[in-house]
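Hello,

Here is the structure I promised to pass on. Please open it alongside this email and follow the strands as you read.

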Amino acid sequence: GIGIGESLLRYLYSINKSSSLLVGTWQDATWAIRFYVKNGFVLHKRKQTVQLLKKYWKVSLKQIANSVVLEKFIN
């Protein structure tokens, strides 16, 4: 609650070479989802979440079923 997470996100934005940043987390980690949404991330719907998890992460089917993906588009 002292701004470390937001500072880390600003650093990631500064070194990111693409137009967006993807984050995957457990769907039950509601505190994490709230943090990312508060910082401008958009929560993807289930179909796109599954597609993104399969494309960018190497995770089990169980983990895919219990995860969400959020994305922030960087200016």
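β3 is mostly covered: six of its seven residues are buried. Keep in mind that this is a predicted model.

Start with the sheet. It is open and has three strands. Their order is β1-β3-β2, and the pairing is antiparallel. Strands of a sheet pair through backbone hydrogen bonds, either parallel or antiparallel.

Now look at the edges. β1 covers residues 20-26, and β2 covers 42-43. Each has a single partner strand, so one side of each is left without a neighbour in the sheet.

Next, the pairing of β1 with β3. These strands run antiparallel and are joined by seven bridges. To find your way along them, look for Trp 26, which stands opposite Ser 67 in β3.

Then turn to the other side of the pairing. How many bridges join β2 to β3? There are two, and these strands also run antiparallel. β3 itself spans residues 67-73. Val 42 stands opposite Glu 71 in β3. Leu 43 has Leu 70 of β3 as its bridge partner.

Last, the helix. Which strands does α3 lie across? Helix α3, residues 46-56, lies across β1 and β3. It runs at about 85° to β3.

As you turn the model, begin with β3 and its six buried residues. Then trace the order β1-β3-β2 across the sheet.

Best wishes

Terms used:
Residues numbered from 1 in each chain as written. Predicted model: local features only at pLDDT ≥ 70, side-chain atom pairs only at ≥ 80, totals over all residues. Heavy atoms only, no water. Pairing = 2+ DSSP bridges. Helix = DSSP H or I, 4+ residues; strand = E, 2+ residues; numbered from the N terminus. Contact = heavy atoms within 4.5 Å. Axes fitted to C-alpha atoms, helices over the stretch in contact; angles between N-to-C directions. Buried < 20%, exposed > 50% of the residue type's maximum accessible area, 1.4 Å probe, protein only.
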